[in-house]
Amino acid sequence: MLDFHKMNQQLEDKDKPLRWLFLDLNSYFASIEQELRPELRGKPVAVVPVMTDATCCIAASYEAKAFGVKTGTMVSEARKLCPEIRLIEARHKLYVEYHHAIVQAVESCLPVAVVMSIDEMACRFMGGEQAVEKATAIAKNIKRAIREKAGRTLCCSIGLAPNRFLAKVASDMQKPDGLVVIRPADLPQILYSLKLNDLPGIGGRMHQRLQLYGIRTMEQLCALPKPHLKKIWSGIVGERFWHWLRGDDIVEPATQRGTVGHSHVLPPDLRTEEGAYAVAQKLVQKAAMRLRKMSYYAGGLQLSLRFVRDRGWSAQTSMVECQDTLTMLEALQMLWQQHPAGKPLAVSTTLFDLVPSHLHNLSLFEDPKRTKLMQAMDAINAKFGTDKVYFGGIHEVKHAAPTRIAFTSIPDLF
Ligand SMILES: [Mg+2]
């Protein structure tokens, strides 16, 4: 007799094979220090931005984590928890170099589709790779490639799943050196052992909101009908969550957002040619970071100026569809040369003609090195606060238009 249930299950599995691999380096910065300095291996180590008690740890080795030290722990507290902890000052450049070596190692096995941060990336499985056995073998090869090509002691946790969301969840389920597979047939039961805030996107406020609706367990969350999730999240994100929890690999829908822009009224000491230009550069960099965070590309840039006496002036230009700050700064420079004389009072820059990443066509004019540089810069800014890495021109006005960007979707932040 035909087993209809089994047949349906097989059909469903065919629709939702393992499409994504998510890779998360374990205790990334601390592991690199341990890789480079064998005397630190097996020891509790914390990486700090500067050598002072008044800062917090930005990474902790697994040995330090055993004492309760984690990302965000104040140094003074870390010393209390673990008196023998070794504090190491962060070496950003080195971590970026290792990042590139790791991406290369992964790419020797499978192309990297998205780099989420300095220690997280995702790859897509195609065709025959989507079968559990094949996908698992590739994941093991990636782990080996990282050890052989990037660093002998570097470990990562890998998650395999029908969509990127669940692949990330899977990568979090076993640390360090994990390899967890979420097959369509495992859903939703495999998620029941997790806490609600183990899911990416469920932070403190969302967690509270779920409690308010009486949702306390993953089982309850998974059982909720789509309209309820939509209501709790007040919108489309809830709907996406419903699909993600079921293994659907849905494409991020295009948002209504057509532009990203910032403006800034200049403080008196920056009401000069140089001051205004530097602020404009800073605003472009802010907008570019937001654009990348939203996973969009821009096809145009507008520059507007207001003057102390005269009215405003505005000009725009189209650009090669891009995401990188350098291309935008070049467009800005071109626009800047056209502005009329006058004492500037306010500056605004706007990116327009936005296109979501999945609709972006790779351009012959696009420089992949620039894209990688931007990703690395964003990763560092995401880890260390938003103003650590920037282009030279804005150095003197770094604090004039403070960047306030919430990187809530990137974990391990403080
Ligand atoms: Mg990590």
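How do the axes of α12 and α13 cross, and within how many Å do they come? They come within 10 Å and cross at roughly 145 degrees. The views below build up to that crossing.

**View 1. The whole chain, as a starting point.** This is a predicted model: local features need pLDDT of at least 70, side-chain atom pairs count only at pLDDT 80 or more, and totals for chains, interfaces and linings use all residues. Residues are numbered from 1 along each chain as its sequence is written. The chain holds 14 helices and 12 strands (DSSP runs numbered from the N terminus: H or I of at least four residues for helices, E of at least two for strands). Of its 414 residues, 36% count as buried (20 or more other C-beta atoms within 10 Å of a residue's own; 12 or fewer is exposed, in between is partly exposed, and C-beta atoms are placed from the backbone).

**View 2. A sheet of five strands.** Follow the order β5-β6-β1-β7-β8 across this open sheet, whose pairing is mixed (two strands pair if DSSP finds at least two bridges between them). At the edges stand β5 (112-117) and β8 (179-181), each with a single partner strand, so one side of each is left without a neighbour in the sheet. The twist averages 15 degrees from one strand to the next. Strand β7 (residues 156-161) pairs with β8 in the parallel sense over three bridges, and L160 stands opposite V181 in β8. Helix α5 (residues 92-107) lies across β1 (20-25), β5 and β6 (120-124), and runs at about 155 degrees to β5 (axes are lines fitted to C-alpha atoms, for helices over the stretch in contact; angles run from 0 to 180 degrees between N-to-C directions).

**View 3. L160 and the nonpolar cores.** A nonpolar core is a set of buried Ala, Val, Leu, Ile, Met, Phe, Trp, Tyr and Cys residues joined through C-beta atoms within 7 Å. The largest one has 68 residues, and L21, A46 and L160 have the most contacts inside it. Apart from it lies another core, of 30 residues, including A287, L291, L301 and L351.

**View 4. A sheet of four strands.** Here the order is β9-β12-β10-β11, in an open sheet with antiparallel pairing. The edge strands are β9 (260-265) and β11 (313-322); each has a single partner strand, so one side of each is left without a neighbour in the sheet. Strands β10 (residues 296-307) and β12 (residues 344-356) pair in the antiparallel sense over 11 bridges. Look for A298, whose bridge partner in β12 is L354. Helix α12 packs on the sheet, touching β9, β10 and β12, and its direction makes about 25 degrees with that of β12 (a contact means C-beta atoms, placed from the backbone, within 7 Å). Helix α13 (residues 325-336) lies across β10, β11 and β12, running at about 150 degrees to β11.

**View 5. Where α12 passes α13.** Residues Y277, A280, Q281, V284, Q285 and A288 of α12 make the contact with T325, M328, L329, L332 and W336 of α13.

**View 6. Helix α12 from end to end.** At 1.5 Å a residue, the 22 residues of α12 (residues 273-294) should span 32 Å, and its end C-alpha atoms are 32 Å apart, which agrees (the expected span is 1.5 Å times one less than the number of residues). After α12 comes S295, whose phi is positive, near 65 degrees.

Technical notes: Contact = placed C-beta atoms within 7 Å.
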